[in-house]
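Please keep the display in view while reading.

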Amino acid sequence: MTTEKEIYALGETPPLGYIPPKMHASLIRPERFGEPNQAFEVEQIDVPKPGPRQVLVWVMAAGVNYNNVWAALGTPVNVIGARQRRGAEEDFHIGGSDASGIVWAAGEEVENVKVGDRVVLSCGMWDENAEDILAGGDPMTSSSAKIWGYEENWGSFSQFALVDHYQCFPKPPNLTWEASAAYMLVGATAYRQLMGWPPHIVNPGDPVLIWGGTGGLGSMAIQIVKANGGIPIAVVSSPDKFEFCYQIGAKGVINRKDFDHWGRLPDIGDADAFGEWMQGARAFGQAFWEQLGERKAPKIVFEHPGESTIPTSIFLVDNNGMVVICAGTTGYNADVDLRYLWMRQKRFQGSHFANTEQCNAFNQMVIDGEVDPALSQVFPLENVGDAHQLMYENQHPAGNMSILVNATEEGHIDIDL
Ligand SMILES: NC(=O)c1ccc[n+]([C@@H]2O[C@H](COP(=O)([O-])OP(=O)(O)OC[C@H]3O[C@@H](n4cnc5c(N)ncnc54)[C@H](OP(=O)(O)O)[C@@H]3O)[C@@H](O)[C@H]2O)c1
């Protein structure tokens, strides 16, 4: 029988529902902004209390995402400063926008979960009383929408995480804590990109081009396209990444290092430079046809690198097709040759995380075994910074990484309480 203590070591479990005053958490502080491997440090801090419609979760494992590379760097947004300008008092950031864990306390008016429920968490947060939501708008397009564990504090690199009630979804019963923590952010984002913008959704037989096939988003996108009957063609940066893409369902894989026309579009008035760019783009298109096995353009291009790939994505996508983008990892100044956009009536669609229905639909695909979380590597809480450093340097293994928090050993699907 565990006793009530001031703070619990990782691996110790308090009595279900007992909230100790203090917890261990991996924090970013402004004075540590910089390379991820020096930005995070485990400290002891006060446990937050759940208010109305909030849930306190005992975090078993947390997922690693690119957003906390940005949080560690302190750029393009200083997330701590931005929150303080909105009235927050904390001078630290607890990252972690994915988690699996156990509901430990629920505030007033929480009806969808109860203490003891095994859950996974989503990172979409919004004000349920915002005017644009009450008017029927998609909450992820609300001016109140924020990403928990990035724009909002009390993320999952911590023994306890604080979320709104609608962020809780059932944990897949047969998956380990660490696999369950690995998929929701990237998976639900990919799901909205591919299935959330009708009529441009994946239909049987649709070819889809997926950048970064071994990345967090890409590994989910390949599986979602395949499960919906589409034909995923992935792009990666070296042949040793091909096999992973094939194993999760890609029909073909292209090595982007075989081409060198990346980056901003040359001035269209500069015939030589533009002609050279066009040659590169056409050769890439040829490679796409070869991988697909027929001369068809992608109906959807799944984008996130941004500046370096957008000109090619817009050129390549089919007439009346869609380039759907959720990030600009390589830069934000993306050039579009507008002639392709209007003459061929292509759609260039922004997309950001996912709403509750989309999270539910994607979570069900994981529960049903249609999508595997593609867990690659697991780290202890004190190595959160190292996991993000690998990601920052694009040296991380194919798939998704997790952090063991209160689960201190891999391989467990539940815990006796
Ligand atoms: N808005 C949202 O809701 C949302 C949600 C999730 C993620 N994101 C953002 O999306 C981006 C990717 O996230 P992720 O989790 O998939 O990251 P990730 O696991 O690091 O994967 C990104 C992939 O991009 C590829 N890549 C890197 N440089 C590239 C380049 N110059 N050209 C083409 N591809 C390149 C890499 O593959 P190769 O080197 O093999 O090509 C890498 O595997 C990040 O900026 C993240 O913050 C946004």
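The sections below treat a sheet, a strand within it, the ligand surroundings, a helix residue, a second strand pair and some backbone features.

## The parallel sheet

The model shown here is predicted. Strands of a sheet pair through backbone hydrogen bonds, and the pairing may be parallel or antiparallel. In this model, 6 strands form an open sheet with parallel pairing, and their order is β12-β11-β10-β13-β14-β15. The edges of this sheet are formed by β12 (252-255) and β15 (347-350), each of which pairs on one side only. From one strand to the next, the twist averages 20°.

## Strand β10 and its partners

Strand β10 covers residues 207-210 and pairs in the parallel sense with β13, residues 300-303, over 3 bridges. Two facing pairs can be located here: Ile210 stands opposite Phe302 in β13, and Val208 has Ile300 in β13 as its bridge partner. Strand β10 also runs parallel to β11, and 4 bridges join these two strands. Across that pairing, Leu209 has Ile233 of β11 as its bridge partner.

Which way do the residues of β10 point, and are they buried or exposed? Pro207 and Leu209 point one way, whereas Val208 and Ile210 point the other way, and all are buried. The chain then crosses from β10 through α7 to β11, and this β-α-β crossover is right-handed. Helix α7, residues 216-227, lies across β10, β11 (231-236) and β13, and runs at about 165° to β11.

## The surroundings of the ligand

How many residues surround the ligand? The shell holds 30 residues, and the closest are Gly212, Gly215, Gly216, Ser237 and Ala327. At least two residues of the shell come from each of α6 (184-195), α7 and β11. By residue class, the shell divides into 12 nonpolar, 16 polar and 2 charged residues.

## Phe362 in helix α12

Phe362 belongs to helix α12, which spans residues 356-367. Why does Phe362 count as buried? A residue is called buried if 20 or more other C-beta atoms lie within 10 Å of its own. Phe362 has 27 C-beta neighbours inside 10 Å, and therefore counts as buried.

If residues up to four places away in sequence are not counted, Phe362 touches Gly187, Ala188, Tyr191 and Ala354. Phe362 and Arg192 are 170 residues apart along the chain, yet their C-alpha atoms are separated by 9.0 Å.

Another parallel pairing joins strand β16, residues 375-380, to strand β17, residues 400-404, over 5 bridges. Within this pair, Phe379 stands opposite Ile403 in β17. Helix α13 (residues 384-392) makes a right-handed β-α-β unit together with β16 and β17.

## Backbone features in the loops

Most peptide bonds are trans, and most residues other than glycine have a negative phi. Pro76 is found in the loop between α2 (67-73) and α3 (79-85). Another is the bond from Pro198 to Pro199, also with omega near 5°. Pro199 is found in the loop between α6 and β10.

Positive phi values can also be pointed out. Trp154 is not a glycine, although its phi is positive, at about 65°. Trp154 is found in the loop between β7 (146-147) and β8 (160-164). Trp154 counts as buried because it has 21 C-beta neighbours inside 10 Å. Phe353 is likewise a residue other than glycine with a positive phi, near 35°. Phe353 lies in the loop between β15 and α12, and is buried because 26 other C-beta atoms lie within 10 Å.

Note on methods
Residues are numbered from 1 along each chain as its sequence is written. This is a predicted model: local features need pLDDT of at least 70, side-chain atom pairs count only at pLDDT 80 or more; totals for chains, interfaces and linings use all residues. Two strands pair if DSSP finds at least two bridges between them. Axes are lines fitted to C-alpha atoms, for helices over the stretch in contact, and angles run from 0 to 180 degrees between N-to-C directions. Two residues are in contact if their C-beta atoms, placed from the backbone, lie within 7 Å. A residue is buried if 20 or more other C-beta atoms lie within 10 Å of its own, exposed if 12 or fewer, and partly exposed in between; C-beta atoms are placed from the backbone. A crossover is right-handed if, with the strands pointing away from the viewer, the path from the first strand over the helix to the second runs clockwise. A residue is near a molecule or strand if its C-beta atom, placed from the backbone, lies within 6 Å of it. Ala, Val, Leu, Ile, Met, Phe, Trp, Tyr, Cys and Pro count as nonpolar, Asp, Glu, Lys and Arg as charged, and the others, Gly among them, as polar.
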